[in-house]
Amino acid sequence: MRVLITGGSGFVGRRLCERLLARGDRVDVVSRSPSKAARTLPGECQVRDSAMGSIETPPEAIVNLAGESIAGKRWSETQKKRLLASRVEATTTLVEFCRAIEKTGKPLPTVMVSGSAMGYYGDQGSRVVDEQTPPHAEFAHRLCAQWEAAAEPVTALGVRLALLRTGLVLDADGGTLAKMLPPFKFGLGGRFGDGRQFMPWVHRDDLVEAILYLIDQPSLEGPFNGSAPHPVTNAEFTRTLARQLHRPALFPVPAFALKAGLGEMSRLLLTGADMRPARLQGAGFDFRYPTLEDALKEILADA
Ligand SMILES: NC(=O)c1ccc[n+]([C@@H]2O[C@H](COP(=O)([O-])OP(=O)(O)OC[C@H]3O[C@@H](n4cnc5c(N)ncnc54)[C@H](OP(=O)(O)O)[C@@H]3O)[C@@H](O)[C@H]2O)c1
């Protein structure tokens with residue numbers, strides 16, 4: 001199968017490309033900087049600056065992961081617009097790409113797996129959250145809701161749409177864990193605020209397998225929580241990481257310091273949702289790393 005990926009040069013996308021190639025699929029990556037992206041991707045990937053470059057040989061599946069980094073910069077009004085616009089524009093371009101394929105008379109992709117995030121639900125306190133849980137209104141929710149809504153029009157073209165509300169993706173060479181490891185390795189780690197906020201997490205390999213599952217299973221559509229079945233609070237995450245590194249975690253970061261330093265973006269660290277992958281599990285998807293102990297053991301073995 002030919003699969004087109006936006007954001008294929010990213011932390012999740014790179015592993016997805018490797019996995020697709022390993023199972024014999026062909027991979028087209030859309031990147032803002034094709035030559036830079038090509039240097040980090042396997043040589044078999046076709047890297048282009050626009051999805052339209054694939055119009056002659058349309059993909060059978062699309063995976064949409066592109067977006068400005070959510071934790072890269074403080075959430076000023078300008079940065080919030082950038083976070084939103086980067087996702088909505090990348091997604092809308094894919095819808096237009098599908099319309100353009102339809103006009104050529106060539107077969108449309110059968111499925112689009114489009115990114116979203118746990119932020120869809122906003123701050124949920126200690127409530128157990130599945131795909132039916134009503135969201136809490138805040139910026140993260142608006143961002144994810146608009147990102148999801150931008151993908152919705154592909155369904156009118158007959159393209160199956162699966163929306164992946166991803167939790168914190170864990171692996172050693174990127175994402176949040178790569179930032180947390182140095183202080184924790186020096187015994188300088190600690191919980192954020194009171195540590196009671198939930199951190200739904202997922203091993204990067206499980207997330208990639210979930211994307212393949214959503215591509216392959218023809219009946220799966222709508223929103224899917226992309227996080228492991230056993231989420232933990234920030235305090236449990238901190239304890240588990242410190243224990244696996246054989247280090248203490250004695251340096252909590254007070255909520256007021258995070259709020260002062262990060263502004264509204266501190267909500268990424270101080271709030272969360274006890275998000276469960278109800279629909280993925282209901283559809284028969286098996287997590288290779290269901291507990292944080294399992295995931296960190298595998299990740300830290302080579303770190
Ligand atoms: N990692 C996590 O813990 C996590 C959790 C929840 C949700 N997500 C979401 O899942 C998606 C993939 O995550 P990831 O960790 O792989 O992200 P990532 O490493 O930041 O990669 C995202 C890719 O999007 C492209 N991109 C960056 N800024 C952009 C912009 N302003 N406009 C258009 N494209 C832009 C980049 O590709 P080029 O430079 O090649 O164009 C980049 O490689 C992201 O949308 C992310 O928000 C991730």
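**Salt bridges, sheet and cysteines**

Visitor: Which residue forms a salt bridge with glutamate 77?

Guide: Lysine 80, with the closest N and O atoms 3.6 Å apart. A salt bridge here is a side-chain nitrogen of Lys or Arg within 4 Å of a carboxyl oxygen of Asp or Glu. This is a predicted model, in which local features need pLDDT of at least 70 and side-chain atom pairs count only at pLDDT 80 or more, while totals for chains, interfaces and linings use all residues. Residues are numbered from 1 along each chain as its sequence is written, and side-chain values use heavy atoms, with hydrogens and water left out.

Visitor: Where do glutamate 77 and lysine 80 lie?

Guide: Both are in helix α3, three residues apart, which is about one turn of the helix. Helices (H or I, at least four residues) and strands (E, at least two) are DSSP runs, numbered from the N terminus.

Visitor: Is lysine 80 buried or exposed?

Guide: Lysine 80 is buried, at 9% relative accessibility, whereas glutamate 77 is exposed at 54%. Buried means under 20% relative accessible area, exposed over 50%, and partly exposed in between (1.4 Å probe, protein chains only).

Visitor: Which residues do salt bridges that share partners join into one network?

Guide: Arg15, Glu18, Asp171, Asp173, Arg204 and Asp205.

Visitor: And how many salt bridges does a search of the whole structure find?

Guide: The count is 18. One of them pairs the side chains of aspartate 171 and arginine 15, at 3.4 Å from N to O. That pair connects distant parts of the chain, 156 residues apart: aspartate 171 is in the loop between β8 (168-170) and α5 (175-185), and arginine 15 is in helix α1 (residues 11-22). Aspartate 171 is buried at 8% relative accessibility, while arginine 15 is partly exposed at 23%.

Visitor: Changing topic. What is the order of the seven strands in the open sheet?

Guide: The order is β3-β2-β1-β4-β5-β7-β11, with parallel pairing. Two strands pair if DSSP finds at least two bridges between them.

Visitor: Which strands stand at the edges?

Guide: β3 and β11 (222-226); each has a single partner strand, so one side of each is left without a neighbour in the sheet. The twist averages 20° from one strand to the next.

Visitor: How many bridges join β1 to β4?

Guide: Four, with β1 (residues 2-6) and β4 running parallel. In this pair, valine 3 stands opposite alanine 61 of β4. Helix α4 (residues 139-151) packs on the sheet, touching β4, β5 and β7 (160-166), and its direction makes about 170° with that of β5. Contact means heavy atoms within 4.5 Å. Axes are lines fitted to C-alpha atoms, for helices over the stretch in contact, and angles run from 0 to 180 degrees between N-to-C directions.

Visitor: Cysteines next. How many disulfides does the structure hold?

Guide: Zero, a disulfide being a pair of cysteine sulfur atoms within 2.5 Å. The sulfur of cysteine 17 has its closest cysteine sulfur in cysteine 45, at 4.2 Å, too far for a bond. Cysteine 17 is buried, at 0% relative accessibility. Cysteine 98 is in no disulfide either, and its nearest cysteine sulfur, that of cysteine 17, is 18 Å away.

Visitor: Is cysteine 98 buried or exposed?

Guide: Cysteine 98 is buried, with a relative accessibility of 0%.
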